[in-house]
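User: Please take me through this model by asking, for each label, what value stands behind it.

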Amino acid sequence: MYTRNHPFDIVLLRWINGDLAHPILDPIMRFASGDTIWILAALAMLGWCWKVRNRSALIAMLALISAVALTDAVCHSWIKTTLLRDWGRPCLTIPWVRLVADKCGNWFTFPSNHAANSMCVAAFWCWQIKTGWLRPLFVFVAILIGFSRVYVGVHFPSDVATGFAIGALSGSLFYFLSGWVARKQGSHRNSLTHSS
């Protein structure tokens, strides 16, 4: 039954989904695994963009939106449903898994889009925000979201770990891309100013 999973993956799943189960943790993990946290993150980012209100902030926001959109598409449309479409979720393939989420979701499991997207956002903002308490907060929230996907029974730990790696790479690449675009825009504006 567990042919595609390393035994350590199953041990971790049983520990997180079963041994750590607690009535207090269930609603917290259900919240972290849901959509509300994404709405709050989007509002926070819009608030930052409004506060800064410059061209660099706009470029950063567009880069982050592009990074998440591309990460989501690559994970879901290419890896999950094309390359690894036979890999099913634990809540659909393992009888003893506790389903804490409202629903199990579709069959496709690897990698976790939630983990990839959340770590993409965290990586991008960790590069963008150089100091302060927000950097560890973004990383903590990303890890919480990924962990919650295993806790509620809809992903294997390897799904989440791979999603984290993809998201961190994507967020970092798009951060440096946005910096390059901002520098190009700045040098273009300077050349126009000097020539006029």
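**Labels and the values behind them**

Analyst: Over residues 188–196 the pLDDT stays under 50, pLDDT being the predictor's confidence in each residue, from 0 to 100; for this stretch the model has one contact (heavy atoms within 4.5 Å) beyond four places in sequence. The model is predicted, so local features need pLDDT of at least 70 and side-chain atom pairs count only at pLDDT 80 or more, while totals for chains, interfaces and linings use all residues. Residues are numbered from 1 along each chain as its sequence is written, and side-chain values use heavy atoms, with hydrogens and water left out.

User: What does the protein average in pLDDT?

Analyst: The average is 82, and 87% of the residues score at least 70.

User: Why are α2 and α7 called oblique to each other?

Analyst: The axes of α2 (residues 25–33) and α7 (residues 134–151) come within 8 Å and cross at roughly 120°, where axes are lines fitted to C-alpha atoms, for helices over the stretch in contact, and angles run from 0 to 180 degrees between N-to-C directions. Angles under 35 degrees count as roughly parallel, over 145 as roughly antiparallel, 65 to 115 as roughly perpendicular and the rest as oblique, and α2 and α7 are therefore oblique. The contact involves Leu25, Asp26, Met29, Ala32 and Ser33 of α2, with Leu144, Ile145, Phe147, Ser148, Arg149 and Tyr151 on the α7 side.

User: What makes α6 roughly antiparallel to α7?

Analyst: Helices α6 and α7 pack at an angle of about 175°, their axes 9 Å apart, and that angle therefore makes α6 roughly antiparallel to α7. Among the residues in contact are His114, Met119 and Trp125 of α6 and Phe138, Ile143 and Arg149 of α7.

User: How do you know that the pair of Phe124 and Tyr175 is edge-to-face?

Analyst: Seven aromatic pairs are found in a search of the whole structure, rings of Phe, Tyr and Trp (its six-membered ring) being paired if their centres lie within 6.5 Å, with planes under 30 degrees apart counted as stacked, over 60 as edge-to-face and the rest as tilted. For Phe124 and Tyr175 the ring centres are 6.0 Å apart and the planes stand at 80°, so the pair is edge-to-face. Phe124 lies in α6 and Tyr175 in α8 (residues 157–195), 51 residues apart, so that the pair links distant parts of the chain.

User: What makes the peptide bond from Phe110 to Pro111 cis?

Analyst: That bond has omega near 0°, and Pro111 sits in the loop between α5 (90–93) and α6 (113–128).

Technical notes
Helix = DSSP H or I, 4+ residues; strand = E, 2+ residues; numbered from the N terminus.
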